[in-house]
Amino acid sequence: MKKTTRVGLYGRVSHDEQSKFGFSIANQIERLNKYAEDNKLQIVDTYIDEGFTAGNKNRPELQRMLAELHNLDEIIFTKLDRFTRNVLDANEMVKLCAAHNVSIRAIDEDDVDT
């Protein structure tokens with residue numbers, strides 16, 4: 001019997017992005033839930049940082065999610081820039097996730113899947 005993949009859904013938007021580009025938390029989470037349902041993933045928790053730039057890695061929900069990696073098999077988000085925009089921060093978080101056997105996946109980008 002195949003083990004069910006436990007996922008954390010991560011959404012983030014800064015207030016400027018939401019007003020300028022129409023990125024909304026509701027839209028991100030709706031799409032992540034649908035992806036999880038379509039792929040038979042078990043949602044453990046949803047982590048939402050609203051009003052934080054991606055350059056700030058001290059986002060409360062991001063930090064809570066990273067502290068709970070032991071409960072997850074994968075973190076999913078819509079695009080990499082929702083998770084981080086800094087290459088060094090991304091590398092650090094991927095290493096931390098890998099140390100806990102947690103992969104990351106941007107559901108809207110084929111090349112972001114560890």
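Here are legends for several close-up views of this structure.

The model is predicted, so local features need pLDDT of at least 70, side-chain atom pairs count only at pLDDT 80 or more, and totals for chains, interfaces and linings use all residues. Residues are numbered from 1 along each chain as its sequence is written, and side-chain values use heavy atoms, with hydrogens and water left out.

View 1. Helices (H or I, at least four residues) and strands (E, at least two) are DSSP runs, numbered from the N terminus. Starting at that end, the elements go β-α-α-β-α-β-α-α-β. Of the chain's 114 residues, 39% count as buried. Buried here means under 20% relative accessible area, exposed means over 50%, and partly exposed is in between (1.4 Å probe, protein chains only). A contact means heavy atoms within 4.5 Å. Among contacts with a separation of 6 or more, 70% come from residues 24 or more positions apart.

**View 2. Four strands make an open sheet with the order 2-1-3-4 and parallel pairing.** Strand 2 (42-50) and strand 4 (103-106) stand at the edges with a single partner strand each, so one side of each has no neighbour in the sheet. From one strand to the next, the twist averages 20°. Angles like this run from 0 to 180 degrees between N-to-C directions, and axes are lines fitted to C-alpha atoms, for helices over the stretch in contact. Two strands count as paired if DSSP finds at least two bridges between them.

**View 3. Zoom in on strand 1 (residues 6-13) and its partners.** Strand 1 pairs with strand 2 in the parallel sense over eight bridges. To follow the pairing by eye, look for R6, whose bridge partner in strand 2 is Q42, and then for G11, whose partner there is I48. Strand 1 also pairs with strand 3, again in the parallel sense, over three bridges. On that side, G8 stands opposite I75. Seven of the eight residues of strand 1 are buried, so it is largely enclosed by the rest of the structure.

**View 4. Helix 2 (residues 25-38) lies across strand 1, strand 2, strand 3 (74-77) and strand 4.** The helix runs at about 160° to strand 1. Which residues of helix 2 are buried? They are I25, Q28, I29, L32 and A36. These cover an arc of only 90° around the axis, which puts them on the same side of helix 2. The arc is that of the directions from the helix axis to the C-beta atoms. On the other side of helix 2, A26, E30, K34 and E37 are exposed. The buried residues of helix 2 pack against strand 1, strand 2, strand 3 and helix 4 (80-83). After helix 2 comes K40, with a positive phi near 55°.

**View 5. The largest nonpolar core has 15 residues.** A nonpolar core is a set of buried Ala, Val, Leu, Ile, Met, Phe, Trp, Tyr and Cys residues joined through side-chain atoms within 4.5 Å. Y10, M65, I75 and F83 have the most contacts inside this core. Helix 3 (60-67), strand 3, helix 5 (87-99) and strand 4 each supply at least two of its residues, and helix 3 gives the most, with three. Leaving aside neighbours within four places in sequence, F83 touches Y10, R59, L62, M65, F77, M93 and I104. Apart from this core lies another, of 10 residues, among them V13, I29, I76 and I107.

**View 6. Helix 3 has E61, L62, M65 and L66 as its buried residues.** They cover an arc of only 140° around the axis, which puts them on the same side of helix 3. Their packing partners are strand 1, strand 2, strand 3, helix 4 and helix 5.

View 7. I76 sits in strand 3 and is buried, with a relative accessible area of 0%. I76 and L9 are 67 residues apart in sequence, yet 5.2 Å apart in space, C-alpha to C-alpha. D110 lies in the segment after strand 4 and counts as exposed, at 80% relative accessibility. Between D110 and K79 there are 9.8 Å in space, C-alpha to C-alpha, and the two are 31 residues apart in sequence.
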